[in-house]
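Reader: I would like to learn how to read a fold, a sheet and a pocket from a set of coordinates. Could you take me through them in turn?

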Amino acid sequence: MPTARWFQLTLSAILMSAALLLIATDRGASREAVTGLLSTSDTVVGQPIVYPGGAPAKVTSAIVTMLPGEETGWHKHEIPMFGYILEGEVTVDYGSKGTRVYRKGDAVMEAIDWPHNGRNTGTVPARILAVFMGADGVPNTVMLPKAPAP
């Protein structure tokens with residue numbers, strides 16, 4: 001094979017590979033596939049989001065499943081917690097701050113250090129993605145012995 005022909009084929013292969021790599025890289029960088037869920041500086045009850053200090057940061061995530069009628073029990077989070085309803089419906093009682101209903105596709109920045117009780121008020125299991133933004137040694141959830149006084 002003449003040198004000029006070999007050079008053309010090699011150069012064509014390199015350019016084709018580079019073009020395919022650019023196309024694949026460009027698709028990966030596309031923001032069309034990103035769906036924003038929530039952007040806030042406040043919790044659901046209007047508190048500014050404040051992170052615990054004094055310990056190394058720790059992020060924990062979980063999917064919580066609640067059967068119809070099931071309740072979480074009164075509890076609070078001493079750290080910021082982001083929730084996203086994957087399926088179902090959950091009604092959360094925040095005592096004097098009111099009650100809110102969250103359904104599939106809803107995102108919430110949960111109340112910090114505020115007692116609340118969640119209940120699956122739907123007819124199917126509710127699934128919630130919970131992301132806790134805490135610190136080593138700080139519990140994600142603190143269960144309370146009873147409902148807060150009105």
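**Reading the fold, the sheet and the pocket**

Author: In the protein, residues 24 or more positions apart account for 78% of the contacts with a separation of 6 or more, where contact means heavy atoms within 4.5 Å. This is a predicted model, in which local features need pLDDT of at least 70 and side-chain atom pairs count only at pLDDT 80 or more, whereas totals for chains, interfaces and linings use all residues. Residues are numbered from 1 along each chain as its sequence is written, and side-chain values use heavy atoms, with hydrogens and water left out.

Reader: How many helices and strands does the secondary structure come to?

Author: Helices (H or I, at least four residues) and strands (E, at least two) are DSSP runs, numbered from the N terminus. Here there are 1 helix and 9 strands, and the order from the N terminus is α-β-β-β-β-β-β-β-β-β.

Reader: Is Lys58 buried, partly exposed or exposed, and why?

Author: Buried means under 20% relative accessible area, exposed over 50%, and partly exposed in between, with a 1.4 Å probe and protein chains only. Lys58 counts as partly exposed because its relative accessibility is 43%. Lys58 lies in strand β1 and, leaving aside residues up to four places away in sequence, touches Phe132, Met133, Gly134, Ala135 and Asp136.

Reader: Which residues lie nearest the centre of the largest pocket?

Author: On a 1 Å grid over the protein atoms alone, a pocket is an open set of points where a 1.4 Å probe fits, with protein on both sides within 12 Å along at least five of seven lines, and lining residues have an atom within 4 Å of a point. The largest pocket is lined by 21 residues, and Thr72, His75, His77, Met81 and Ile128 lie nearest its centre. Elements giving two or more residues to this lining include β1 (57-66), β3 (81-87) and β8 (126-135).
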